Amino acid sequence: MALSSDLSDTVDPSAVAPPPGAPPRGAAPRGRRTFLHGFRDDAPASLVVFLVALPLSLGIAAASGAPVMAGLIAAAVGGIVAGALGGSPLQVSGPAAGLTVVVAGLVDEFGWAATCAITAAAGVVQLLLGFSRVGRVALAVSPVVVRAMLAGIGVTIVLQQLQVLLGSKPAGSPVENLARLPEAVTGVELHSAVLGLLVIGLLVAWKHLPPAVRKVPGPLAAVVAGTAVSIAFAPGIERITVSGSVFDAVALPELPEGSWATAGMAVISVALIASIESLLSAVAVDKMHSGTRTNLNRELVGQGSANLVSGMLGGLPVTGVIVRSATNVEAGARTRKSAVLHGVWVLLFSALFAGLIQLIPLAVLAGLLIVIGARLIKIADIRTSLRTGEIWVYAVTLLCVIFLNLLEGVTIGLGLAAVFVLWRVLRVTIQVLPPKPGPDGMWRVGIAGSCSFFALPRLNRVLHSIPEGMDVLVELGADYLDHAFHEALLAWKKQHTATGGTVRLEEHGNTVFRDAAGNTPQHQEALELPLPPRANWQSGNVDDVEQLGLRSILLGVDKYHRRHADKVLPHVKDLADGQNPDTLFIACVDSRVNPNLITSSGPGDLLTLRNIGNVVCRPSEDTSIESALSFAVTGLGVESIVICGHSNCGAMKAVIADAESGTGPDASGLGQAFSSWLEHARPSHRAYLDGHPVAAAAAAAGFGRLDQLGMVNVAVQLRKLEDHPLVGPALAEGQLQATGLFFDIATARVILVTADGIQHLDQPAGQSLRI
């Protein structure tokens, strides 16, 4: 994103990292620090920034139609005042090209003295924003609008300075400058054009020169070279005119004459644009160092103070500038003293060497500004706008900034961006699909998104396209549903059923359809949960007993094909030729336990073995379990085995009932086979009675006897794995891990079961889980 109005290339944060052993750039001082702390790094960095800022400040002043010294006043004030009072330790402030179009318009309409008053008033507005602590709110501007605004400013600067480069006088608007371009080309002043093109060529080629040469800032080198060539070969070319030193240029502002409303809007425009550009620049600078982050409210106070002082002294508006700031970081600055010192150097130069400024030709500054303007138009921003679907916002904002003015262009851009957001947020996908061939075919209506009254015209058009008397399935996946949408859908349902048709509603979103009847609509939190139990989504749709059982399963398969098969396909297509699970998951057959759900796993992750009581048999006691263990450990090479019990387990109930019954085994009444199978779990009951430590831990956590036994059973099965001839050696050698889990159905929480205790896995926020 183009965040500033100076010459800029993308700065790699890694390239500006502090050297080993050095304190972080922008780090807050610790303990008592003297004024000289960091001076060894800040002083040379400030000189580099000064050399970059000097020619740019002169060029921006010339492009704004302001006195040339106004740019140097703003640079000095921006460095000293904003650097000392602002909230960004390494940001450098000064005049920026982003406001040249605004300032030029203000100078034409109100005059220079009144423009200074507007600048000071904008500083007061920024101070109020800073003291009101709304710094972060100022960032609530669509980035695409800012990018387009800067691109529009860039086009305006290029069209204006092309006139100067060709030896003509620039017109007041981009349209006029564009219309007069052919005339300027035919009447070109050769010396001006050559000097301007020389500067442009140097700036474009500068980054390709050897590193030793590039230690000199490109803009400074281009201006010095162009000036030297002009003195030698074009002594009569038009140059900058300066009367006296910077102190002679200091002038008190005057109140604007004419429409106070227009002046007030100008104040707001300057304040908002300067604030947004400064804050965006500060955020970008924060990414370049590892020190203290910017205090955005304090930064607004610093920028407001700088604009107040600059306006009162006859300077240009001040903003934070990303290029000077990036140069500051790259040059090794450590504290805000670098920005302050850069302002001091600007002030000293302006006071002592003002005569040198008059040697600079206007065509040289024009070439510099053309490159500045061109670099505000970033191809990367246009590509980003295309990818994100915001190209229309970018294009409209750009054109309005060029052909109307900056304030109107930004306002229209923000309005259009808001409309796009509203359209995307409130857009509802409504589609109707005719029935497939077959006796059970029905029409399907899919509705997804935020269902509000905005969607009613489309909803009615789609619903009334369905022929009368047809069977219809409405699949509603809404994250927002208001009363108007609810009423419209019910009204159509009543009308459609009156013609002999049927309407069935399936809800797949986060909202509940019936809640829209009498509650305030609100966006519901998105859920990652897979499918709810069939009883939830089929309730009210099963008309008779014949639709239960297999019919219910087939309805579920139908729903899977309609809504989920295409989404599952990408996850399973790579598993078509084989599986590679990392875990054998041994769980109870209880229908309430869903291994993939409680482990957030998907197809191919778990090899699942389920039996009554989630038990592990000893060798040769059960070939099914034995073969599953062998296949998992030897055949698939799983990395872990999980044994998962659960609360209110029927097997544990039966074990307790058999042990306490005076009528012998099979107290459960489920048959001899079931009772025989429980032999695998009875050792767990004996361990429970003997005071197993897991039982004590579960009791201390508030679990009843049944769930205590369920947890002890998990621990006992884990011990069986250690004694197993196939699994035990792998566990002992660390090639395999064994873990015990317990699913508490009442709370939907999973508990870790170890050999001697339990651990809750849903740790409070901020705590880490150790297993």
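**Group meeting: a walk through the model**

Okay, let's start with helix α10, residues 218-233: it has 16 residues and reaches 22 Å from its first C-alpha to its last, close to the 22 Å expected at 1.5 Å a residue. Keep in mind that what we're looking at is a predicted model. Which residues of α10 are buried? That would be G218, P219, L220, A221, A222, V223, G226, T227 and S230.

Now move to Q163, which sits in helix α5, residues 143-165. Is Q163 buried or exposed? With a relative accessible area of 1%, Q163 is buried, because the cut-off for that is under 20%. If we skip its neighbours within four places in sequence, Q163 is in contact with S168, K169, P170, N177, R180, L181 and A184.

One of those contacts, K169, comes back when we turn to salt bridges. A search of the whole structure gives 9 of them. In one, the side chains of K169 and E238 meet at 3.3 Å, N to O. K169 is in the loop between α5 and α6, while E238 is in the loop between α10 and α11, so this pair ties together parts that are 69 residues apart in sequence. As for accessibility, K169 is exposed at 55%, and E238 is partly exposed at 46%.

Here's another pair: D590 and R592 form a salt bridge, with the closest N and O atoms 2.8 Å apart. D590 counts as buried, at 14% relative accessibility, whereas R592 is partly exposed at 37%.

Next, the sheet. How many strands form it, and in what order? There are 6 strands in an open sheet, running β8-β7-β9-β10-β11-β12, with mixed pairing. The edges are β8 (606-611) and β12 (758-760), each of which pairs on one side only. On average, neighbouring strands are turned by 25° against each other, ignoring direction.

Two helices to point out here. Helix α26, residues 623-636, packs on the sheet and touches β7, β8 and β9; its direction makes about 170° with that of β8. Helix α31, residues 705-723, also packs on the sheet, touching β9, β10, β11 and β12, and its direction makes about 165° with that of β10.

E722 forms a salt bridge with R719, and the closest N and O atoms are 3.6 Å apart. These two are 3 residues apart in helix α31, so about one helical turn separates them. E722 is partly exposed at 49%, and R719 counts as exposed at 51%.

Methods
Residues are numbered from 1 along each chain as its sequence is written. This is a predicted model: local features need pLDDT of at least 70, side-chain atom pairs count only at pLDDT 80 or more; totals for chains, interfaces and linings use all residues. Side-chain values use heavy atoms; hydrogens and water are left out. Helices (H or I, at least four residues) and strands (E, at least two) are DSSP runs, numbered from the N terminus. Buried means under 20% relative accessible area, exposed over 50%, partly exposed in between (1.4 Å probe, protein chains only). Contact means heavy atoms within 4.5 Å. Two strands pair if DSSP finds at least two bridges between them. Axes are lines fitted to C-alpha atoms, for helices over the stretch in contact, and angles run from 0 to 180 degrees between N-to-C directions. The expected span of a helix is 1.5 Å times one less than its number of residues. A salt bridge is a side-chain nitrogen of Lys or Arg within 4 Å of a carboxyl oxygen of Asp or Glu.
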